[in-house]
Structures are given as structure tokens and as C-alpha cells.
Amino acid sequence: MVLKLFPKPILIASERTRSRRGTVVMRRVHVLPCGHELDDKCVLTLLKGCGTKIKLPYYAYLIEDPECTILVDTGLSIRWKELHPKVIQELFPTHMEEQEHLDRLLESMGFSRSDVDYVINTHLHYDHCGNNEMFPQATFLVSESELAHAFAPGWWEASSYLRSVFDIPGLKYELVKEGFEIGRGVGIISTPGHSEGHQSVVVELDNTGTLVIAGDAISTRENLEDPILPGFYVDARQYAHSMDRLKGIIELHEGVLLPSHSREYLTKDGWKEFTDGVQSFT
Ligand SMILES: [Zn+2]
């Protein structure tokens, strides 16, 4: 694994990328539904709703750009039955149709795995990096503290990191931090609290304006509105600060906010629900 810090934001797409995706003229963000698990509600809302079962959806996000192709998170592993310990499978029963497999979703949109140039992992909990192994040619962008904690977690966070899904021989993890940009208008901001090195992604779009892919910095509408901590976090104050910061960005820019485990997303006209299948923003 190669570890280095990009000296300066702004990546220039390769010629390979330009010719391959040469027809793309407008940046788009596609929300890819990658299955769900059945959970006790208090997994998402601390000590609230215990005993009530909810569907917790997983997503990956494809950023189609004239310069390059970016994935934000890779969802839960399509090989979860092989890779997840039995205790996790029993605690969080997973449901994933074949058409919800990330590679199938990409194929259905005309992409192959090798089209993906960059993968931004918001964090390395197993339900956000489960299919990293699908993209051996991509460059993975993570924060230094997230990678450090994934490899050497404290006991309180260890069950969320599965080395079998992120520590793949040959994958190129590059360390990034607040302010890192891919081209102009796809930026990373640091949003710790849910995990040590959590990061969110801010995308500028022609029609939508500012779109925030929150990751687990905001999992559901209820976390933001109540407000309430999620069932899992490493630092409550940092979590609250990160959530307030994302809320501020959305309010300032009248943008769109995509929470990580919710079918609802926030727009300047209020909360809306994803339609079935892939939903796209331009
Ligand atoms: Zn998480």
C-alpha cells in the first residue's frame, strides 16, 4: 500500500479518462441503492425506538464528471455471506438483490468497474467500503486518522471495521484532508465524530447547486431534526459539530443533503423521498 499526502488539491484527469468518458458534458451524481439491513431503530437514534425494527438502506454514489469518474463509498460487500462474521450477520440481517450489487448497478448505467478513477470512502466502517475490492485500478481517498483507526481500532469501535473488506492487497489508499478537491467542485470536508476520521463530500452541480453527501455524519432526517445522536459514535461533541456544520452549508447554499441510511433527502423545499432505483442529480 502506498501512503502519501497530496501536496495540493486539484487532480487532472488522465488522457485515458478523457477519451473514455469524452461524451460527458455535465457533472451528475447518481444515488445507487445497494440493499439494506434490518435493524433495531436505536442503531440510528441513540436509545430511542429500541425494539422497533427498521430497514436501513445502504448507498453508493457515482459522480459522473467530464474529467473523471468518482465513487463515494462502495456499500456493503456483495460477498457479505462469506466475509462477515456470523455475529454481524445475525445482529444485522442483510438483504441484497442481485440488481442491487454495485457492479451490476454500474453495468446497468453503462459503466464498468475499470471506469472508476477515484473512490472516496467517507469512512471505513464495513457498510461503506464493502466493495472496495471491485476497483483495484482506482485511487482510494481516505483520511489519515480513519485509515489508522481502521487498522488499529480501539475496542469500542473494532466491530465496525472488517479488515477483510478494506485491507485488500494492491489497493491504493491515498491520504487526504479537509479542503482536498478533485477538479473544481468535488471537495472533501472533515466531519469526525461518528468515526475518528470521517469525511463528507460536497459537489457543485449546474442545476441542483450544492449537494452534500453526508456519509454517517448524518444518517437520517431524525438525527438532524430532533436532533439526536446515532447509536454509534466515537465523540458526541465532534459528531454534533460536524452535523451542525453540514446543516449550515445546506442552509447557506439552499442545497441538497443526502443522509447515509435514509430514503429521505433534504432540499430547499423540504424533505423528499427517493424514487425506486437509481436517482440522479444534475
Ligand atoms: Zn459508519
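Two notes before moving on. Residues are numbered from 1 along each chain as its sequence is written. This is a predicted model, in which local features need pLDDT of at least 70 and side-chain atom pairs count only at pLDDT 80 or more, while totals for chains, interfaces and linings use all residues.

**Stop 1: the core.** Select Tyr61 and Leu257. Of the 68 residues in the largest nonpolar core, these two touch the most other members. Such a core is a set of buried Ala, Val, Leu, Ile, Met, Phe, Trp, Tyr and Cys residues joined through C-beta atoms within 7 Å. Buried means that 20 or more other C-beta atoms lie within 10 Å of the residue's own; exposed means 12 or fewer, partly exposed is in between, and C-beta atoms are placed from the backbone. Strand 2 (residues 53-64) gives this core its largest share, six residues. Helices (H or I, at least four residues) and strands (E, at least two) are DSSP runs, numbered from the N terminus. Leaving out residues up to four places away in sequence, Leu257 touches Val212, Ala214, Ile218, Leu246, Ile250, Tyr265 and Leu266.

**Stop 2: helix 8.** Next, select residues 236-253. Helix 8 has 18 residues and reaches 26 Å from its first C-alpha to its last, close to the 26 Å expected at 1.5 Å a residue; the expected span is 1.5 Å times one less than the number of residues. Which residues of helix 8 are buried? They are Tyr239, Ser242, Met243, Leu246 and Ile250. They cover an arc of only 95 degrees around the axis, which puts them on the same side of helix 8; the arc is that of the directions from the helix axis to the C-beta atoms. An α-helix has 3.6 residues a turn, so residues three or four places apart point the same way. Turn the view to the other side of helix 8 and find Arg237, Asp244, Gly248, Glu251 and Leu252, which are exposed. Covering the buried residues are, among others, strand 9 (199-205), strand 10 (209-215) and strand 12.

Stop 3: Strand 12 (residues 264-267) and strand 13 (residues 270-273) run antiparallel, joined by four bridges; two strands pair if DSSP finds at least two bridges between them. Glu264 has Glu273 as its bridge partner, and the hairpin joins the strands through two residues.

Stop 4: Most residues other than glycine have a negative phi, and most peptide bonds are trans. Is Leu47 buried or exposed? With 9 C-beta neighbours inside 10 Å, Leu47 counts as exposed. Then select Asp73, whose phi is near 65 degrees; with 29 C-beta neighbours inside 10 Å, Asp73 counts as buried. Finish at Pro227, in the loop between helix 7 and helix 8: the peptide bond from Asp226 to Pro227 is cis, with omega near -25 degrees.

Terms used:
Two residues are in contact if their C-beta atoms, placed from the backbone, lie within 7 Å.
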